[in-house]
Amino acid sequence: MGIKKVAIKVNNPRIFRDLVQELRKNGLVPTVDAGDLTVSDFDKNADIFIQGEDEIKTTIMYLQCLKLGKRKFDELLIGIDTNSPKLTIVVVGDGMIIDSLEVWIDEIEDIIEEIISKYPYKRIYIGIGTGNKYGEVVYKLLSIRFPFAKKVNESRTSLRNPYVDIKDKDVRAAYMIALRSTKC
């Protein structure tokens with residue numbers, strides 16, 4: 001069920017604007033006429049019923065899955081690069097980077113919880129680069145709340161690679177850590 005056009009039928013102008021921006025950013029075509037799916041904030045019989053601005057990201061991720069012909073990502077990988085107190089997180093859904101962000105160590109648990117609740121998935125892996133003191137602290141914090149979090153050897157993750165064309169070295173390292181988190 002690949003989708004291209006999404007009909008937006010909302011009363012809230014802020015939700016309308018944000019939905020249009022996010023849909024365009026994610027390669028979907030917003031329309032007010034008929035579309036493959038309908039998003040509404042007043043019609044509970046719509047394909048996707050949205051109640052507030054905080055549900056926009058979740059709706060966009062669900063639409064991204066539907067665009068790929070799925071209801072959920074088969075694998076959701078989260079990679080955390082820990083080279084400074086400002087951590088880089090990359091979220092990979094079925095091989096594509098769907099989100100990347102920078103957070104402070106004290107925010108990491110809440111951000112990971114938010115990511116897990118935002119994206120639909122079948123299997124999830126969390127990889128934490130533990131080649132330094134920040135990595136060990138982050139691993140200890142996250143392994144209590146998320147027992148499936150894994151230590152990942154982060155050696156050579158930020159080096160240039162002909163197979164990974166990502167310019168930002170921290171994002172590239174977090175991406176490689178996410179990929180390595182699937183190993184046993």
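How many helices and strands are there in the chain? The chain has five helices and nine strands.

**Figure 1. Overview of the chain in the predicted model.** This is a predicted model, in which local features need pLDDT of at least 70, side-chain atom pairs count only at pLDDT 80 or more, and totals for chains, interfaces and linings use all residues. Residues are numbered from 1 along each chain as its sequence is written, and side-chain values use heavy atoms, with hydrogens and water left out. From the N terminus, the order of elements is β-α-β-β-β-α-β-β-β-α-β-α-β-α. Helices (H or I, at least four residues) and strands (E, at least two) are DSSP runs, numbered from the N terminus. The C-alpha atoms fill a box of roughly 55 × 35 × 25 Å along the principal axes. Of the 184 residues, 45% count as buried (under 20% relative accessible area; exposed is over 50%, partly exposed in between; 1.4 Å probe, protein chains only). Take the contacts (heavy atoms within 4.5 Å) between residues at least 6 apart in sequence: 58% join residues at least 24 apart.

**Figure 2. The largest pocket and its lining.** Its volume is about 170 Å³. A pocket is an open set of points on a 1 Å grid over the protein atoms alone, where a 1.4 Å probe fits, with protein on both sides within 12 Å along at least five of seven lines; lining residues have an atom within 4 Å of a point. Grid points are joined across faces, edges and corners, and the volume is the space filled by probe spheres set on the points. Helix H1 (13–25), helix H2 (56–67) and strand S7 (96–104) each supply at least two lining residues. Among the lining residues are Glu22, Lys57, Met61 and Asp99. By class, the lining has five nonpolar, two polar and four charged residues.

**Figure 3. The largest nonpolar core.** A nonpolar core is a set of buried Ala, Val, Leu, Ile, Met, Phe, Trp, Tyr and Cys residues joined through side-chain atoms within 4.5 Å. This core has 42 residues; Leu63, Ile78, Ile80, Ile89, Ile108, Ile112 and Ile126 touch the most other members. H2 gives the most to this core, with six residues. Apart from this core lies another, of ten residues, including Leu77, Val90, Ile166 and Tyr175. Not counting residues up to four places away in sequence, Ile108 touches Ile80, Leu87, Ile89, Val103, Val138, Leu141 and Leu142.

**Figure 4. Thr59 in helix H2.** Thr59 is buried, at 7% relative accessibility. Beyond residues up to four places away in sequence, Thr59 touches Val39, Ile48 and Ile50.

**Figure 5. The aromatic pair of Phe146 and Phe148.** The structure holds one such pair. Rings of Phe, Tyr and Trp (its six-membered ring) pair if their centres lie within 6.5 Å; planes under 30 degrees apart count as stacked, over 60 as edge-to-face and the rest as tilted. Phe146 and Phe148 are edge-to-face, at 6.2 Å centre to centre and 65° between the planes. Phe146 is buried, at 4% relative accessibility. Phe148 is partly exposed, at 34%.

**Figure 6. Asp94 in the loop between strand S6 (86–93) and S7.** Asp94 is not a glycine, yet has a positive phi of about 50°. Its relative accessible area is 28%, so Asp94 is partly exposed.

**Figure 7. Met176 in helix H5 (residues 169–180).** Met176 is buried, at 15% relative accessibility. Neighbours within four places in sequence aside, Met176 contacts Thr157, Asn161 and Val164. The C-alpha atoms of Met176 and Glu154 are separated by 8.1 Å, with the two residues 22 apart along the chain.

Technical notes: Nonpolar A, V, L, I, M, F, W, Y, C, P; charged D, E, K, R; others polar.
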